[in-house]
Amino acid sequence: SSPKTPLYSPKPTTLMLSPGQASVASRLSIDPPKVFQGATFEQTPPDLYDVPEGTLSTWGFLINRRLKCFICMSCHIVILPSHLPSHITKKHKDTCISVDKSRVQEIAHQEGLLSSYPDTPVFDQIEFQGLGRSWGHCCPFCPAMYSHSKDVLAHCHEAHDLEVEAEDLPSAWMQRLSEAPQAKAWFRIIPRSLELCSPSANYLISLRKELNSRPPLPASHLDHRHL
């Protein structure tokens, strides 16, 4: 059975139900371009930008300023500068886009981009725009996240030597940098929509305390619809 007090628990702001309690289908932080070649990205989010001459958009890429990486706007993953030409050739060969390797390296150097995958971001950062977003299951004892509850149970047994029940696992939104082995670990994030539109966790806690401090209604004043 699971411990009474988990060593690690997600913040209240991240323990949301997926919209409509739907399945954990992958959701993207921004819509992918309908046309890969010549995409203009008119509603570019703050995280993402192109070089002044617009070269990256013609390739189907943008730069995420927080990650300091190229983002493929069709695959929604980080692409290293050294991998960008081959990624287009292998994954998007139907676009017939030709990329100059020296130009890629020039842009990467000019913008101070990383030449290797960044470290897995710490949990509970605002979502990184341009990356895909999915609903997943959290380990109660560390920041590890997985798409399937069975993988969390196996992780808890192997990494923590503890047994938990699937129904006790918290859930949250998550992202990952890439599907590459060295960058495929999921990390928990706070959706940008929640950060911008929802009341803070402190407000909700304060409200709950205020409601709990109020005297209970007399039985004669109770309405069955309140139960």
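Me: How many bridges join strand E3 to strand E4, and which way do the two run?

Reply: Strand E3 (residues 61–64) and strand E4 (residues 69–72) run antiparallel, and four bridges join them. Before we go on, this is a predicted model: local features need pLDDT of at least 70, side-chain atom pairs count only at pLDDT 80 or more, and totals for chains, interfaces and linings use all residues. Residues are numbered from 1 along each chain as its sequence is written, and side-chain values use heavy atoms, with hydrogens and water left out.

Me: What counts as a strand or a pair here?

Reply: Strands (E, at least two residues) and helices (H or I, at least four) are DSSP runs, numbered from the N terminus. Two strands pair if DSSP finds at least two bridges between them.

Me: What sheet are they in?

Reply: An open sheet of four strands, in the order E2-E3-E4-E5, with antiparallel pairing. Strand E2 (48–49) and strand E5 (77–79) are the edge strands, and each pairs on one side only.

Me: How many bridges does E2 make to E3?

Reply: Two bridges join E2 to E3, and the strands run antiparallel. Leu48 stands opposite Asn64 in E3 there.

Me: Are the faces of E3 covered or open?

Reply: Both faces are covered: Phe61 and Ile63 on one side, Leu62 and Asn64 on the other, and all are buried. Buried means under 20% relative accessible area, exposed is over 50%, and partly exposed is in between (1.4 Å probe, protein chains only). In a regular strand the side chains alternate between the two faces of the sheet.

Me: What's going on with Lys68 in the hairpin?

Reply: The hairpin of E3 and E4 has four residues between the strands, and Lys68 takes a positive phi near 60° in it. Lys68 does this although it is not a glycine. With a relative accessible area of 42%, Lys68 is partly exposed.

Me: Which other residue has a positive phi without being a glycine?

Reply: Asp124, at about 65°. Asp124 sits in the loop between H3 and strand E6 (125–126), and is buried, with a relative accessible area of 11%.

Me: What does the side chain of Asp124 meet?

Reply: The side chain of Asp124 meets that of Arg188 in a salt bridge (2.5 Å, N to O). Asp124 lies in the loop between H3 and E6 and Arg188 in strand E10 (residues 187–190), so the pair ties together parts that are 64 residues apart in sequence. Both Asp124 and Arg188 are buried.

Me: What's the rule for a salt bridge, and how many salt bridges does it give?

Reply: A side-chain nitrogen of Lys or Arg has to be within 4 Å of a carboxyl oxygen of Asp or Glu. By this rule the count comes to seven salt bridges.

Me: Which residue does Arg103 form a salt bridge with?

Reply: Glu106, with the closest N and O atoms 3.3 Å apart. Arg103 and Glu106 both lie in helix H3, three residues apart, about one turn of the helix. Arg103 is buried, at a relative accessible area of 16%, whereas Glu106 is partly exposed, at 44%.

Me: And what about Asp151?

Reply: Asp151 forms a salt bridge with Lys150, the closest N and O atoms being 3.4 Å apart. Asp151 is partly exposed, with a relative accessible area of 27%, and Lys150 counts as exposed at 55%. Elsewhere, salt bridges that share partners join Asp47, Arg66 and Arg192 into one network.

Me: New topic: is strand E7 enclosed or exposed?

Reply: Seven of the seven residues of strand E7 (residues 132–138) are buried, so E7 is largely enclosed by the rest of the structure.

Me: Which strands does E7 join up with?

Reply: Four bridges join E7 to E9, running antiparallel, and His137 stands opposite Ser171 in E9. Two bridges join E7 to strand E8 (residues 145–146), also antiparallel, and Cys138 stands opposite Met145 in E8. A hairpin through six residues joins E7 to E8.

Me: Last one: where does Lys101 lie?

Reply: Lys101 lies in helix H3 (residues 101–111), and is exposed, with a relative accessible area of 61%. The C-alpha atoms of Lys101 and Ser82 are separated by 8.0 Å, and the two residues are 19 residues apart along the chain.
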